Amino acid sequence: MNYEIRLSGSGGQGLILAGIILARAAVIEKRRVTQTQSYGPESRGGFSRADVIISDEEIFFPEATNFNCLLALTQEACDKYLFDLRETGILIIDTTFVKNLALAAENTFELPFTDIAQEKLGSTITTNILSLAFLVKTTGIVKEESLQQSITETVKAAFLDVNLKAMQLGYDLAANYKK
Amino acid sequence: MPNIPQKIVHEYLRHDKKFPHVWCAGCSNGIVLGAIIRAIASLNLDRDDIVMVSGIGCSSRMPVYVDFNTLHTLHGRSIAFATGVKLQKPHMKVIVITGDGDCTAIGGNHLIHAARRNIDLKVILVNNNIYGMTGGQCSPTTPHDAIATTAPYGNIEPDFNICNLAMGAGASFVARTTAFHALEMQSIMKDALEYPGFSLIEVISACPVIYGRLNKKGGAPQMMKEFRDNSIPLAAVEKLPPEKVEGKIIRGILRREVRAEYTAEYASLVKRVQAMGGE
Amino acid sequence: MLKKTTKSTKAPAKESENPKVESKLDELQNKRERKNVLMQGNEAVAYGALDAGVNFFAGYPITPSTEVAEILATELPKRGGVFIQMEDEIASICAIVGASLAGAKSLTATSGPGFSLMQEGIGFAKITETPCVVVNVQRLGPSTGMPTSPAQGDIMQAKWGSHGDSPAIVLYPDSVKESYELTIRAVNLSEKYRTCVILLLDEVLGHMREAVQLPDMANVRVISRIKPTVPPHWYKHYDENQKYLSPLASYGEGYRFHVTGLTHDALGFPTNKSTEAGEMMERLRKKISYNIRDLVQIESHMMEDAKIAIFTAGITSRAAKAAIAMARHEGIKVGLLRPLTIWPFPDDAVRKMLRNVETVIVPELNQGQLIHEVQRLIKEKSDGSLIPIQRVNGQLITPNDILRKIKEVS
């Protein structure tokens with residue numbers, strides 16, 4: 001079966017990079033994967049989303065249409081995509097920006113990822129990795145060590161430390177998350 | 001045997017294939033062609049290593065007549081095609097034959113960027129102030145007030161100074177001559193062929209049948225006399241009072257400065273990248 | 001016979017002077033190939049071009065094709081090849097044609113607005129029978145349209161975009177892996193047929209990443225143009241032979257031939273004779289039509305027992321396959337016919353499909369292009385048997401869109 005993930009927010013939040021990192025982690029586990037994206041012509045602001053579909057079978061349609069997991073980092077993204085989440089799907093929202101949840105999904109996880117990144121890591125730049133690691137730990141879609149390897153292969157050496165810190169913080173937040 | 005110029009020219013022509021040519025009686029294109037061939041012959045260049053590229057227009061028909069590697073391209077695009085040829089085979093001499101409309105109207109963008117890159121193309125721009133092949137439409141070098149079929153009441157646009165345009169874009173070798181000054185033309189072309197970098201030679205030329213008739217210039221001899229009487233060599237300009245220079249065609253090599261040539265720069269980039277071991 | 005060049009482990013471009021550098025490059029190349037990697041469609045095009053021996057790229061940045069240029073800007077110098085960013089797309093197509101005549105295997109990549117600008121140059125490559133490849137990563141048009149949104153609006157332009165009759169070879173992949181394979185095929189066909197081959201990609205595919213394992217270089221079949229064996233004075237730039245495939249000399253090899261965009265004779269010189277003009281045009285036509293079997297490639301997916309067929313190309317076929325899987329699950333007999341070569345059009349395969357099924361659904365991201373080609377081949381059936389699904393709003397046609405239509409007609 002396909003496992004469909006949509007990472008959504010606005011341009012500049014690093015969601016496409018997060019999608020690439022997640023997809024690469026799946027490749028490390030020798031699974032089938034497609035990663036697509038949609039964004040405006042600008043590199044900052046506007047809508048941005050990255051889809052990752054992970055499967056053990058051939059993946060035909062490359063875009064997520066019925067998500068197993070939705071990560072929403074902005075109110076607009078949450079409002080726009082919430083209704084395409086499966087009933088049993090996992091919703092992860094960044095409460096720094098998502099203040100109004102129109103429909104509480106059964107499996108909703110809420111944390112102010114952006115604020116946490118600013119507070120604990122000194123910058124919001126790693127919000128993408130922080131929330132991605134949270135997603136990975138929560139869904140179990142890829143192994144934690146695969147994500148770590150993928151981050152190591154993908155991000156520039158100079159930024160590796162801070163990203164690995166963000167990853168670890170994401171794992172810890174997921175492990176200690178209380179509903 | 002004396003070296004009869006006509007015989008030299010004859011040796012470089014595809015005389016058994018594509019003659020008679022398309023040019024009108026009195027046209028300057030033949031003079032330009034002769035000067036190019038004599039310059040090439042004087043340098044003893046291997047004709048297998050010469051590519052002549054042209055666009056669309058009267059002068060751009062030149063490549064079909066000469067026994068070199070020849071490429072008759074699209075209107076305005078000769079410099080872009082030539083850039084591809086030169087980059088692939090940097091050791092070859094790439095000569096571009098173009099006209100005022102071809103090179104400064106539809107092809108103006110390619111001219112300025114090739115000049116900026118300083119890629120080693122020899123651009124010979126035959127400027128007859130008109131679109132001759134299509135019957136006399138206005139070009140960017142048609143003088144103000146001159147008559148063209150698309151400017152029947154007189155041209156209201158100012159004209160380009162092609163050499164200034166090329167120099168403004170960074171061309172490193174820029175020269176101007178006229179069809180009357182055949183030997184000077186040959187000598188400038190020889191210099192350009194030996195010069196490593198983008199070269200532009202503007203040849204002020206006569207189109208007696210189209211431009212001349214529309215503008216009552218008389219026949220070819222009158223137009224040639226005008227080139228003789230109305231032009232001054234660059235060396236003489238300094239010695240003359242400004243009023244004697246005003247409105248005259250200034251002939252000679254207007255700029256010759258050594259600057260990094262594009263294909264050489266590219267070769268050194270490749271060397272540098274490969275020395276890095278492909279990382 | 002065409003030369004079959006089996007690739008050695010050597011880098012495809014000019015030989016490096018330093019053998020140490022060369023072996024290091026090989027090492028890098030092999031390291032890349034052995035691994036199963038996450039790769040983008042545009043990246044696959046760039047590596048396909050390199051593996052096919054492309055050693056000259058001239059282009060102008062345009063979304064969503066820019067990654068092809070960016071990767072080749074990095075990779076070509078390592079291999080001694082040429083990368084140049086030109087002043088516009090017109091200059092780009094002209095430069096790759098010039099380079100090809102000087103012996104390069106050349107390619108450019110662009111999108112809608114740039115593809116429109118290139119059309120005159122594409123026509124020049126076709127009439128002068130000069131090998132080159134144009135990759136068009138399609139975006140929503142007309143005009144600037146939506147630069148980061150998909151559309152399949154250039155299918156007809158790829159065939160008819162340049163003025164005059166000029167038979168086209170156009171390939172259309174639907175996955176990252178196939179983007180790599182069809183780029184190599186595009187280069188091979190351009191060399192073999194001496195023409196401008198067009199590779200159409202969808203925006204989504206150009207930017208999409210998938211896990212792919214590229215084949216070892218030993219398993220990549222590379223075709224290069226046939227060189228003349230006759231002395232220069234016997235050389236005809238457009239020599240006749242049975243299949244209309246003739247040898248091609250390069251500038252600087254002593255042949256001193258003439259190339260012109262004017263209608264020309266077999267030697268390449270301009271002609272106004274109607275007999276020679278007619279011959280030249282026939283030659284361009286027959287070069288394609290006499291070699292249909294070699295050019296046409298189709299995928300037939302679950303068509304054996306299908307009562308409903310979906311006919312589509314590129315990314316839309318991925319939605320079709322997903323829809324077929326769902327419909328088959330419900331017992332509906334539906335299959336897919338997908339052209340990998342859209343021009344020349346696979347008339348025979350489409351005729352066969354029309355004979356064997358009751359209904360054909362043609363989903364496409366345009367206001368109706370492929371469907372007219374299918375319509376053209378319908379002789380006996382009523383018009384009702386041909387069902388369009390058309391969308392031009394920047395969104396893909398989804399599996400559910402197609403499934404709904406399948407259920408409606410089944």
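This is a predicted model: local features need pLDDT of at least 70, side-chain atom pairs count only at pLDDT 80 or more; totals for chains, interfaces and linings use all residues.
**Reading a helix and a sheet**

Student: Which residues of H3(A) are buried?

Tutor: Begin with the general idea. An α-helix has 3.6 residues a turn, so residues three or four places apart point the same way. In this structure, helix H3 of chain A spans residues 113–121, and its buried residues are Phe113(A), Thr114(A), Ile116(A) and Ala117(A). Viewed down the axis of H3(A), these buried residues fall within an arc of 160°, so they line one face of the helix.

Student: Against which elements do the buried residues of H3(A) pack?

Tutor: They pack against strands E5 (85–94) and E6 (107–111) and helices H4 (127–139) and H6 (160–175), which belong to chain A.

Student: In the open sheet of 9 strands, what is the order?

Tutor: The order is E7(B)-E8(B)-E5(B)-E6(B)-E4(B)-E3(B)-E1(B)-E2(B)-E11(C), and the pairing is mixed. Strand E7 (231–233) of chain B and strand E11 (258–260) of chain C stand at the edges; each has a single partner strand, so one side of each is left without a neighbour in the sheet. On average, neighbouring strands of this sheet are turned by 20° against each other, direction ignored.

Student: In which sense do E4 and E6 of chain B pair?

Tutor: Strands E4(B) (residues 121–127) and E6(B) (residues 199–204) pair in the parallel sense over 6 bridges. Val123(B) has Leu200(B) as its bridge partner in E6(B).

Definitions and conventions: Residues are numbered from 1 along each chain as its sequence is written. Chains are lettered from A and ligands numbered from 1 in the order in which they are written. A residue is buried if 20 or more other C-beta atoms lie within 10 Å of its own, exposed if 12 or fewer, and partly exposed in between; C-beta atoms are placed from the backbone. Helices (H or I, at least four residues) and strands (E, at least two) are DSSP runs, numbered from the N terminus. The arc is that of the directions from the helix axis to the C-beta atoms. Two residues are in contact if their C-beta atoms, placed from the backbone, lie within 7 Å. Two strands pair if DSSP finds at least two bridges between them. Axes are lines fitted to C-alpha atoms, for helices over the stretch in contact, and angles run from 0 to 180 degrees between N-to-C directions.
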